Number of protein chains: 2
Amino acid sequence: MQKLQNIKGMRDHLPPAMLLRQYIINTLIGVFERYGFEPLSTPVLEYAEVLEGKLGDDEKLIYRFEDHGGRKLALRYDQTVPLARVVAQYSGQITLPWRRYAVGASYRGERPARGRYREFWQADVDIVGSHSPLADAEIVAVLSDGLEALGFPTFTTLLNHRQVLGGIARVSGLDEEAAGGIYRAIDKLDKIGAEGVREELRHSGVDQGCADRILEMVLLEGSSEDTLQALRQHLHDDARAVAALDNLEDILRGLEDMGIAPARYCLSPRLARGLSYYTGAVFETISSHWPQGSLLGGGRYDDLIGMFAGQRVATVGLAFGVERLHDVMEELGLGPRNRTTAQVFVTVFGAEQRVASLQLARELRAAGVPVMTALEPESPLGKQLKEADRKGVRYALVLGPDELSRSEVLVKDLASGEQRGVAREAVAEALR
Amino acid sequence: MQKLQNIKGMRDHLPPAMLLRQYIINTLIGVFERYGFEPLSTPVLEYAEVLEGKLGDDEKLIYRFEDHGGRKLALRYDQTVPLARVVAQYSGQITLPWRRYAVGASYRGERPARGRYREFWQADVDIVGSHSPLADAEIVAVLSDGLEALGFPTFTTLLNHRQVLGGIARVSGLDEEAAGGIYRAIDKLDKIGAEGVREELRHSGVDQGCADRILEMVLLEGSSEDTLQALRQHLHDDARAVAALDNLEDILRGLEDMGIAPARYCLSPRLARGLSYYTGAVFETISSHWPQGSLLGGGRYDDLIGMFAGQRVATVGLAFGVERLHDVMEELGLGPRNRTTAQVFVTVFGAEQRVASLQLARELRAAGVPVMTALEPESPLGKQLKEADRKGVRYALVLGPDELSRSEVLVKDLASGEQRGVAREAVAEALR
């Protein structure tokens with residue numbers, strides 16, 4: 001007997017789940033393209049050496065294998081390394097700045113858990129080759145428009161900058177070495193609270209006064225202008241932090257000029273973001289409707305995309321996680337509710353009505369209405385209606401001899417049980 | 001130095017290619033859904049044993065490897081075996097007949113050649129769990145509507161049936177064993193001509209008279225009705241062939257009743273189709289604009305989808321090959337011509353016009369127009385226009401002080417060089 005199961009951490013997506021996944025992906029692509037982002041697709045398989053040496057401890061998560069010729073291959077781990085390869089490999093065909101998006105699966109040999117899969121899809125947007133704060137602002141705008149298009153009622157994107165965090169560490173008397181521990185402690189603020197962070201800082205050897213100063217800055221809240229002002233006072237002696245605050249101010253002005261609603265974003269010095277490859281602004285979106293964690297995040301990472309090209313290539317971007325969005329939207333009841341693609345089931349009343357019924361289906365399709373027809377036109381009408389209902393189709397159409405003689409179609413709402421005759425030529429319009 | 005190359009037979013798709021690929025995929029999905037087909041997605045990775053023992057000689061083409069835990073895995077070879085697994089694994093959640101589609105990559109360690117890749121995408125449609133000839137007809141209708149939606153000017157789908165070919169072999173005095181060789185010889189008719197086929201038949205031990213009878217039937221041409229009539233006369237002693245002709249007649253009537261144009265399909269006894277797993281009707285689409293080969297094909301295969309469920313599950317389907325369609329459409333000049341997603345580039349004339357320009361971009365996006373903006377608003381207008389042109393954007397918009405004072409926008413057509421002032425409130429409509 002064959003093994004009828006999926007590989008752990010990899011899932012089949014049956015139609016009801018796929019309809020929501022496709023809605024998410026198509027909605028996001030619509031937003032990406034309205035900003036002029038261009039699609040890129042790279043193979044799921046890469047030479048292993050393309051991926052190696054870039055991921056530190058996470059390298060053990062790469063799926064590696066050898067092909068028939070003994071070549072070492074690896075499955076795509078993310079969409080970032082392939083982007084770096086493409087930027088170097090096709091330098092003559094790509095003009096910078098380049099807005100590119102990529103939608104597809106990546107693979108990681110992680111321990112599966114709720115919301116964490118070994119095959120997962122991401123929709124990445126990056127602006128490659130621009131230092132402009134307008135690029136950072138545009139990525140946040142895409143994030144904002146994307147979540148709005150998906151129907152998220154409220155959310156806020158927190159903004160910070162690597163060198164604001166660096167400055168906070170430096171003016172508190174810590175060296176670069178210790179700063180990493182600070183970020184990791186701050187990252188847990190939501191989980192362990194201010195006292196927990198203070199405790200953790202002291203555990204890692206930060207003295208009381210220093211921990212207090214750090215927490216004072218990190219816990220700053222209020223309007224972005226007020227927070228910016230307060231940080232400028234705290235950090236005015238640190239040139240890199242001052243430049244970072246200037247940069248954040250430019251990004252905030254970009255968001256304002258682009259017309260993004262002020263409630264959608266907020267400067268937040270407590271935002272650390274775990275990934276060490278960020279070099280500038282970082283951002284992360286939270287929602288009061290989803291207290292379990294952030295919806296997504298991203299930032300500026302100027303050192304990564306040029307790794308194959310042998311030069312820095314300024315880049316800012318983010319990834320929408322399709323699995324995360326799917327889980328959240330399902331829980332919040334967002335997105336379409338239809339269980340199937342067809343909106344209408346056209347029955348066949350009897351042999352004499354078969355041609356008329358199939359032609360009606362064709363007309364409706366031409367008018368853009370998705371239509372399923374009875375495949376067994378000889379089966380009784382009741383059985384056909386039952387099939388339509390079981391499939392989750394909303395409306396069943398009947399063209400019996402009475403309807404045909406009156407040039408009408410009987411439209412049955414399978415959800416409410418209501419039914420009414422509609423003039424044949426008006427039926428497409430009525431269903432649309 | 002890193003290896004900057006793709007694995008042989010696997011390709012990056014840069015934006016211009018991706019735009020055509022996405023157009024193909026989205027157009028086909030639109031057609032599939034208008035017929036009520038539902039999306040299914042399965043992982044790219046399967047346990048190797050799911051794929052093993054189904055492909056005969058082709059099994060050596062499977063990409064196999066072991067994961068971190070020593071489990072034997074394989075990359076998806078096609079969308080058919082996963083469909084069979086899903087039908088058995090989720091029998092409680094799936095009601096038959098089931099119209100399912102699947103779009104995605106499969107992997108084969110084939111020798112790469114023009115048009116043959118090791119990573120390739122297919123868009124599969126299958127109707128699972130129906131013997132009805134209307135199911136066969138619907139698959140051909142989807143094929144027809146799909147190619148029409150993609151803009152193919154002329155094409156014909158040839159229809160045949162496995163048991164018509166079987167009957168031709170049997171009434172010519174050949175046994176089932178020899179029949180396979182006949183199909184392979186007939187399959188080459190277009191390449192080697194009637195005399196070549198005659199030669200090949202005689203080489204494989206078929207005597208002159210027998211080869212003549214086979215060729216007489218196989219070369220029948222004309223209207224489907226005439227061909228059907230002639231085949232009925234030749235094959236009336238072979239019960240299975242007669243049943244097959246009845247089935248083909250029902251399928252042809254289904255196509256007629258569904259309103260598919262008669263020029264789009266044709267009964268053709270010479271159509272063999274190589275794959276041995278077909279059990280009933282087979283079809284293949286050719287076009288006079290593409291003499292190099294067929295565009296796609298499919299058929300009924302009742303023995304395959306039930307292989308995990310342990311019972312026959314009647315199924316008919318086909319696969320659109322995205323690579324093939326892409327190559328043909330590019331050669332025939334079909335599909336969209338745009339080199340980028342953005343239709344409009346909004347420039348920033350100067351610091352004073354920045355807000356108005358970015359707001360204009362936002363308004364256009366809200367109206368559904370894809371818009372790219374200048375990321376370096378301080379750079380000279382000429383440089384911004386050059387960037388727009390290099391990106392392949394058709395229109396550049398300028399909001400200078402004159403335009404602002406007149407509540408106008410200057411619309412420059414970068415292809416023709418023409419430019420004109422358009423009232424601000426009319427610009428979205430003018431560009432749509």
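Okay, Ser407(A) first: Ser407(A) is partly exposed, because its relative accessible area is 44%, and the cut-offs here are buried for under 20%, exposed for over 50% and partly exposed in between, with a 1.4 Å probe and protein chains only. Its phi is near 50°, a positive value in a residue other than glycine. You'll find Ser407(A) in the loop between helix H14 (401-405) and strand E15 (408-413) of chain A. When I say helix or strand, I mean DSSP runs numbered from the N terminus, with at least four residues of H or I for a helix and at least two of E for a strand.

Now chain B. Ser407(B) has a phi near 50°, again positive and again not a glycine. The loop that holds Ser407(B) runs between helix H14 (401-405) and strand E15 (408-413) of chain B. With a relative accessible area of 45%, Ser407(B) is partly exposed.

Quick housekeeping. This is a predicted model, so local features need pLDDT of at least 70 and side-chain atom pairs count only at pLDDT 80 or more, while totals for chains, interfaces and linings use all residues. Residues are numbered from 1 along each chain as its sequence is written, chains are lettered from A and ligands numbered from 1 in the order in which they are written, and side-chain values use heavy atoms, with hydrogens and water left out.

On to the overall picture of chain A. There are 15 helices and 16 strands in it, and its C-alpha trace spans about 90 × 60 × 45 Å along the principal axes. Of its 432 residues, 58% count as buried. Take the contacts in chain A with a separation of 6 or more: 67% of them come from residues 24 or more positions apart, where contact means heavy atoms within 4.5 Å.

Next, the prolines. Where does chain A have a cis peptide bond? One joins Leu96(A) and Pro97(A), with omega about -5°. Pro97(A) sits in the loop between helix H3 (80-89) and strand E5 (98-107) of chain A. Over in chain B, a cis peptide bond links Leu96(B) to Pro97(B), omega about -5°, and Pro97(B) is in the loop between helix H3 (80-89) and strand E5 (98-107) of chain B.

Staying with chain A, look at Ser224(A), which belongs to helix H9 (residues 224-235). Buried or exposed? Ser224(A) counts as buried, because its relative accessibility is 9%. Its side chain reaches the backbone nitrogen of Leu267(A) at 3.0 Å. That's a polar contact, meaning a pair of N or O atoms within 3.5 Å; within protein, one must be able to donate a hydrogen and the other to accept it, and residues adjacent in sequence count only if both atoms are side-chain atoms. Leaving out residues up to four places away in sequence, Ser224(A) touches Leu252(A), Tyr265(A), Cys266(A) and Leu267(A).

Now helix packing. In chain A, helix H5 (residues 162-171) and helix H6 (residues 176-187) pack at an angle of about 110°, with their axes 9 Å apart. So H5(A) is roughly perpendicular to H6(A); that label covers 65 to 115 degrees, with under 35 roughly parallel, over 145 roughly antiparallel and the rest oblique. The axes are lines fitted to C-alpha atoms, for helices over the stretch in contact, and angles run from 0 to 180 degrees between N-to-C directions. Among the residues that meet are Leu165(A) and Ala169(A) in H5(A), with Ala179(A) and Tyr183(A) in H6(A).

Over to chain B, helix H4 (residues 133-150). It has 18 residues and reaches 26 Å from first C-alpha to last, close to the 26 Å expected at 1.5 Å a residue, where the expected span is 1.5 Å times one less than the number of residues. H4(B) is largely enclosed by the rest of the structure, because 15 of its 18 residues are buried. At the N-terminal end, Ser132(B) caps H4(B), with a side-chain oxygen 3.0 Å from the backbone nitrogen of Leu134(B). After H4(B) comes Gly151(B), with a positive phi near 100°.

Last one, helix H10 (residues 239-257) of chain B. Its 19 residues should span 27 Å at 1.5 Å a residue, and the end C-alpha atoms are 27 Å apart, so the two agree. Its buried residues include Ala241(B), Leu248(B) and Asp257(B). Helix H5 (residues 162-171) of chain B crosses H10(B) at roughly 150°, and the axes come within 8 Å. Residues meeting there include Val164(B) and Gly167(B) from H5(B), and Ala244(B) and Leu245(B) from H10(B). H10(B) is followed by Gly259(B), whose phi is positive, near 85°.
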